[in-house]
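I opened the notebook to record what I looked up here. The entries follow in the order in which I made them.

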Amino acid sequence: MNVNDSSKNTLNDAFQSADLDDKLWMFYSKHARALMSIAVLALVLSGIAIAIVIGYHVSEKRMKSAYLEAIHGGNREDFARKYCSTPLGGTVFLELADAAYQRKEYQQAADHYQRAAAGLGKNIFGGRAAIGEGTALLHLGLTSEGEALLSKVAEEQAYPLLIRGHGLWLLGSSIYERGDQNRAKAVLHKLANSNFPDCWKDKAKILLQEIGSAL
């Protein structure tokens with residue numbers, strides 16, 4: 001047995017025979033450098049986490065302050081563009097889009113609806129923004145683009161059935177208005193015979209009756 005092995009055995013024997021306080025002290029002495037590194041790393045990670053939380057709350061407070069300023073005589077579009085990736089920014093873009101649509105400024109409405117949908121996400125408000133964009137595109141004569149977007153809304157599982165049914169109804173109506181009755185009937189039958197809200201199913205049935213009487 002060499003000197004190092006003897007020393008190691010001696011330390012092990014000493015550790016086993018020591019009481020709890022001594023064992024803790026001996027363990028710390030043996031692993032002091034590793035424990036210190038872990039402690040420093042934990043402090044650094046804690047500091048980063050605290051900084052992120054503080055930064056988030058400060059940023060959110062500034063955003064709310066900017067929103068209040070924007071709706072009380074400020075520039076709402078500037079606010080919406082600055083915070084376009086947030087639900088609040090998306091909400092302002094939705095309001096701006098609705099106003100543009102009412103003025104029949106369909107290109108601006110389509111742009112604002114698109115930004116609103118991006119900020120609001122896959123919920124009832126984001127779905128309404130997507131429908132608004134599709135409808136505005138139809139008014140601009142961009143039929144293929146508008147119908148493609150409405151079809152996408154109808155198939156998006158994340159949207160509520162109320163939104164999806166609305167998208168499918170608008171799609172069927174647009175197809176019918178441009179004279180493709182067979183495809184319109186297929187879309188409307190899908191709406192009428194699927195698990196959509198009754199308000200849209202009833203509309204589909206009425207339009208199907210109109211298409212039938214026109215044949």
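I take contact to mean heavy atoms within 4.5 Å. The model is a predicted one: local features need pLDDT of at least 70, side-chain atom pairs count only at pLDDT 80 or more, and totals for chains, interfaces and linings use all residues. Residues are numbered from 1 along each chain as its sequence is written, and side-chain values use heavy atoms, with hydrogens and water left out.

Entry: overall make-up.
I looked up the secondary structure and found 11 helices and 0 strands. Helices (H or I, at least four residues) and strands (E, at least two) are DSSP runs, numbered from the N terminus. I noted that 32% of the 215 residues count as buried. Buried is under 20% relative accessible area, exposed over 50%, and partly exposed in between (1.4 Å probe, protein chains only). The protein exposes about 13,600 Å², of which carbon and sulfur atoms supply 58%; accessible areas come from the Shrake-Rupley method with a 1.4 Å probe, and for residues only the protein chains shown count as cover. Of the contacts with a separation of 6 or more, 42% are between residues 24 or more positions apart.

Entry: Leu 208.
I placed Leu 208 in helix 11 (residues 198-214). Is Leu 208 buried or exposed? Its relative accessibility is 16%, so Leu 208 counts as buried. Leaving aside neighbours within four places in sequence, I found Leu 208 in contact with Lys 185, Leu 188, His 189 and Ala 192. I also checked Ala 186, which is 22 residues from Leu 208 in sequence, with the C-alpha atoms 9.7 Å apart.

Entry: helix 9 and its partners.
I looked at helix 9 (residues 161-177) against helix 10 (residues 181-192): the axes are 8 Å apart and the angle is about 160°. Axes are lines fitted to C-alpha atoms, for helices over the stretch in contact, and angles run from 0 to 180 degrees between N-to-C directions. Helix 9 and helix 10 are therefore roughly antiparallel. Angles under 35 degrees count as roughly parallel, over 145 as roughly antiparallel, 65 to 115 as roughly perpendicular and the rest as oblique. In this packing, residues of helix 9 including Gly 165, Leu 168 and Trp 169 meet residues of helix 10, among them Ala 184, Val 187 and Leu 188.
I then took helix 7 (residues 124-139), whose axis comes within 10 Å of that of helix 9 and crosses it at roughly 10°. That makes helix 7 roughly parallel to helix 9.

Entry: aromatic rings.
How many aromatic pairs does a search of the whole structure find? I got 2. Tyr 101 and Tyr 106 form an edge-to-face pair, 5.3 Å centre to centre with 75° between the planes. Rings of Phe, Tyr and Trp (its six-membered ring) pair if their centres lie within 6.5 Å; planes under 30 degrees apart count as stacked, over 60 as edge-to-face and the rest as tilted. Tyr 101 and Tyr 113 have ring centres 6.5 Å apart and planes at 65°, so this pair is edge-to-face. Tyr 101 lies in helix 5 (residues 87-102) and Tyr 113 in helix 6 (residues 106-120), so the pair ties together parts 12 residues apart in sequence. I recorded Tyr 101, Tyr 106 and Tyr 113 as one aromatic cluster. Tyr 101 is partly exposed at 25% relative accessibility, Tyr 106 is buried at 15%, and Tyr 113 is buried at 4%.
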